[in-house]
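Trainee: I'm new to this one and would like to find my way around. Can we go through it together, one question at a time?

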Amino acid sequence: MSLSNRIEQAKDGTRVIGLDNAGIWKQLNCAPYLFHHALANHPLFDIPRLLKLAMGVIDRGDPTKFGLRIEGDAKFNSAPLQDRLLQAIRRVEEGGIWFKLSSLEELDRDYDHILRKMIGEVEDLTGLRLRHDIGWSGITVFVASRNMVTPYHFDNEMNFLFQIRGEKDVRLFDPQNRFVLTENEIERFYAGNPMAGIYRDEALEWSTLFHLTPGTAVHHPPLAPHIVTNGDNVSVSVSFGYALAPELYRARIYQANFCLRLLGFQPLPPGNSRFRDKLKHRTFEMLAKSNPTSHDELMYSGMNRLKAPFRVAKQMIRRTNNP
Ligand SMILES: [Fe+2]
């Protein structure tokens, strides 16, 4: 069934997003803003239910959907993944635990329903027909112990971070400001380095701090760098994200610019030459997989194909030097 039909089907009279001041939605994609939602302490995001889903993902051997960080326990970190997860959940109240589970919409139809419903509501609030431009959409849940920090980074996709349980501070930086976020950082990010953003104290003046409590959410525009700090309690938050066709177009230009810079050129940033932008985009579109099965494949398969011969050469050199 098409995304458009699934969005129509998900409309059932109940709401996910609160009816805040409608004016804030004019800032979609450009600036961050806070809004209210109806998913506070929602049973879909209870920790035991999430644990069951995560165990299923580990059973099926799909590590890309799952992430676990446990601070300061090397012995524990070498245990099998399922044991670590069970212990992490038991210890989440004690501290030092962070885990995420991605693509919830693929794991259970209830999450898919809520994602489509949310996209439909964003369309109603903005008047935009997003469904025709969405190249990828997905839900990721984050569970973290008190005071855990997610370091400074940025993401390609547009994101709505919903606080379900506990509290956290989200500091979002201005992605349009090229002192905050340089062309070089964006190029390295689209070349495959998710931590390409470099934090600078001087950039704080172009940032806004949002305090999230259960029932509030913050909108992250694409590429907006952010730092997330948990409050003094266990936090559950959910990210609803989607990538639109214009962001994908821009990503491919940055991938081309990354390569051009490696070759010693000073490439023009996107938006300065329609002809060059089109050529760069087309080149990386041809390199990319024609039927991507994940957001990562959609974004990075072209770049990975280009890098593949260099990876093989590196391995051969390593093997030759260490027979
Ligand atoms: Fe992020």
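Trainee: Which residues in α7 are buried?

Mentor: First, a word on the ground rules: this is a predicted model, where local features need pLDDT of at least 70 and side-chain atom pairs count only at pLDDT 80 or more, while totals for chains, interfaces and linings use all residues. Residues are numbered from 1 along each chain as its sequence is written, and side-chain values use heavy atoms, with hydrogens and water left out. Buried means under 20% relative accessible area, exposed over 50%, and partly exposed in between (1.4 Å probe, protein chains only). By that cut-off, the buried residues of α7 are E183, E185, I186, E187, F189 and Y190.

Trainee: Why is helix α7 largely enclosed by the rest of the structure?

Mentor: Helices here are DSSP runs (H or I, at least four residues), as are strands (E, at least two), numbered from the N terminus. Helix α7 covers residues 183-190. It is largely enclosed because the buried ones number six of its eight residues.

Trainee: At what angle do α7 and α8 pack?

Mentor: Axes are lines fitted to C-alpha atoms, for helices over the stretch in contact, and angles run from 0 to 180 degrees between N-to-C directions. Under 35 degrees counts as roughly parallel, over 145 as roughly antiparallel, 65 to 115 as roughly perpendicular and the rest as oblique. α7 and α8 are therefore roughly perpendicular. Their axes are 8 Å apart, and the angle is about 105°.

Trainee: Which residues of α8 does α7 meet?

Mentor: Contact means heavy atoms within 4.5 Å. On the α7 side you'll find E183, N184, I186, E187, R188 and Y190. Across from them in α8 are R250, A251, Y254, Q255, N257, F258 and R261.

Trainee: And how many charged residues are in the contact of α7 with α8?

Mentor: For classes, Ala, Val, Leu, Ile, Met, Phe, Trp, Tyr, Cys and Pro count as nonpolar, Asp, Glu, Lys and Arg as charged, and the others, Gly among them, as polar. This contact has five nonpolar and three polar residues. The charged ones number five.

Trainee: How far apart are the axes of helix α8 and helix α9?

Mentor: Helix α8 spans residues 245-262 and helix α9 spans residues 274-287. They pack at about 90°, so they are roughly perpendicular to each other. Y249 and I253 of α8 are among the residues making the contact, as are H281 and F284 of α9. The distance between the axes is 8 Å.

Trainee: Which protein donors does the iron ion have?

Mentor: Donors are N, O and S atoms within 2.8 Å of the metal (3.2 Å for Na, K and Ca); water is not among the atoms, so sites may look incomplete. Along the chain, the donors follow the spacing H-x1-D-x70-H. They lie 2.1 to 2.3 Å from the iron ion, and they are H153 (NE2), D155 (OD) and H226 (NE2).

Trainee: Where does H226 sit, compared with D155?

Mentor: D155 is in the loop between β5 (149-153) and β6 (158-165), and the two are 71 residues apart. D155 is partly exposed, at 24% relative accessibility, while H226 is buried, at 5%. As for its place, H226 is in strand β10 (residues 226-230).

Trainee: Which residues have the most contacts inside the largest nonpolar core?

Mentor: A nonpolar core is a set of buried Ala, Val, Leu, Ile, Met, Phe, Trp, Tyr and Cys residues joined through side-chain atoms within 4.5 Å. The largest one has 53 residues, and its largest share, eight residues, comes from helix α2 (residues 47-59). Those with the most contacts inside it are W25, F45, F160, F162, F240 and Y242.

Trainee: What does F45 touch?

Mentor: Leave out residues up to four places away in sequence. What remains is L39, L50, L104, Y111, V141, I164, V236 and V238.

Trainee: Is L223 buried or exposed?

Mentor: L223 is in the loop between β9 (216-220) and β10. Its phi is near 70°, a positive value in a residue other than glycine. With a relative accessible area of 2%, L223 is buried.

Trainee: What is the phi of S103?

Mentor: You'll find S103 in the loop between β3 (97-101) and α5 (104-107). S103 is buried, with a relative accessible area of 18%. Its phi is positive in a residue other than glycine, near 55°.
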